[in-house]
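The following note sets out some points on the structure shown below, for a reader with a computational interest.

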Amino acid sequence: MPRWTKSTVGGGWDGGGTEVENCNLTQRNRITNAFNNFISSSCLDCFPGLRACLREKWEEVEIDCDCSDLSGLDGRRRGNKIWLCVTNINRIGALLLHELVHVCGGTELDSEAVEHACFNGNGATLPTSGDWPKFISETDAFQDNENERVGKFVIWNRTDGRVWGKTTEGGGWGDSEIIKGSLCFQDSNWINTGASGGGWS
């Protein structure tokens, strides 16, 4: 179980007060249920190594529902701490998964792709104009092809919107080779051949 950020309520100049979780009981239950639902989902099968990391980080992460400093963002992560600011309960799972992928070392490409694979049509959001430059700058070209980008868990083809799980073969005494695993999805909204925009145009 995660740790829940606490704040002191009440008290005075000489101390006192009571420590309470910033996520109320309803929020804590919804967040925990969201994790339990996606951690066993087959959508994670497409991303080798991710499920094990998510389970590990779930035991280490700290979660805060105090959104006063997020400037309207739905969520944020710093180190092993996640802020969740979701008024739409249908977004809780998608947002929690997105931020946990970051905690596992995933780039913005990884977090958006895993969110899409697991929650498309049920709480996921499409990449924004601000995401495309991150998808490029935070990743490497796959086999010298600048149109295919390698994250920590995914490989994305920006010209046709395909996303595969990232896997490796070989190893031992030699170097392992990064290869495309299973095709996780293909979506025209994931096509981007320029610095911004998307879709078929």
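**Notes on the predicted model**

1. One aromatic cluster is formed by Trp132, Phe135, Trp156, Phe185 and Trp190. In total, the structure holds eight aromatic pairs. Phenylalanine 35 and phenylalanine 38 make up an edge-to-face pair, because their ring centres are 5.4 Å apart and their planes stand at 75°, where an angle over 60 degrees counts as edge-to-face.

2. The two residues of that pair, phenylalanine 35 and phenylalanine 38, belong to helix α1 (residues 25–39). They are three residues apart there, about one turn of the helix. Phenylalanine 35 and phenylalanine 38 are both buried.

3. Phenylalanine 38 also forms an aromatic pair with phenylalanine 119. This pair is edge-to-face, with 6.3 Å from centre to centre and 85° between the planes. Which parts of the chain does the pair tie together? Phenylalanine 38 is in helix α1 and phenylalanine 119 is in helix α4 (residues 108–119), so the pair ties together parts that are 81 residues apart in sequence.

4. The burial of the two partners may be stated separately. Phenylalanine 38 counts as buried because its relative accessibility is 2%. Phenylalanine 119 has a relative accessible area of 12% and is therefore buried as well, the limit being under 20%.

5. Lysine 180 lies over the face of tryptophan 164, and its distance from the ring centre is 4.0 Å.

6. The largest pocket contains about 400 Å³ of space. It is lined by 22 residues, of which Gly75, His98, Glu99, Glu108 and Glu112 are the closest to its centre. Two or more lining residues come from each of β5 (75–78), α3 (92–103), α4 and α5 (131–137). The element that gives the most to this lining is α3, with five residues.

7. By type, the lining of the second largest pocket holds five nonpolar residues, five polar residues and one charged residue.

8. With a relative accessibility of 12%, alanine 34 counts as buried. Residues up to four places away in sequence aside, alanine 34 touches Ile92, Gly93 and Leu96. Alanine 34 and isoleucine 92 are 58 residues apart in sequence, while their C-alpha atoms are 6.8 Å apart in space.

9. Is arginine 51 buried or exposed? Its relative accessible area is 18%, so arginine 51 is buried. When neighbours within four places in sequence are left aside, arginine 51 is in contact with Ile39, Ser40, Ser41, Ser42, Leu44 and Asp45.

10. Alanine 52 lies in helix α2 too. Alanine 52 is exposed, because its relative accessible area is 52%, and the limit for exposed is over 50%. The C-alpha atom of alanine 52 is separated by 9.8 Å from that of cysteine 104, a residue 52 positions away along the chain.

11. On the chain as a whole, the secondary structure comes to five helices and 11 strands. The protein chain has 201 residues, and buried residues make up 46% of them. Of the contacts with a separation of 6 or more, 48% are accounted for by residues 24 or more positions apart.

Methods: Residues numbered from 1 in each chain as written. Predicted model: local features only at pLDDT ≥ 70, side-chain atom pairs only at ≥ 80, totals over all residues. Heavy atoms only, no water. Phe/Tyr/Trp six-rings, centres within 6.5 Å; stacked < 30°, edge-to-face > 60°. Helix = DSSP H or I, 4+ residues; strand = E, 2+ residues; numbered from the N terminus. Buried < 20%, exposed > 50% of the residue type's maximum accessible area, 1.4 Å probe, protein only. Lys NZ or Arg CZ within 6 Å of the ring centre and 35° of its normal. 1 Å grid on protein atoms, 1.4 Å probe; cavity = no way out; pocket = protein on both sides within 12 Å on 5 of 7 lines; lining within 4 Å. Points joined across faces, edges and corners; volume = space filled by probe spheres on them. Nonpolar A, V, L, I, M, F, W, Y, C, P; charged D, E, K, R; others polar. Contact = heavy atoms within 4.5 Å.
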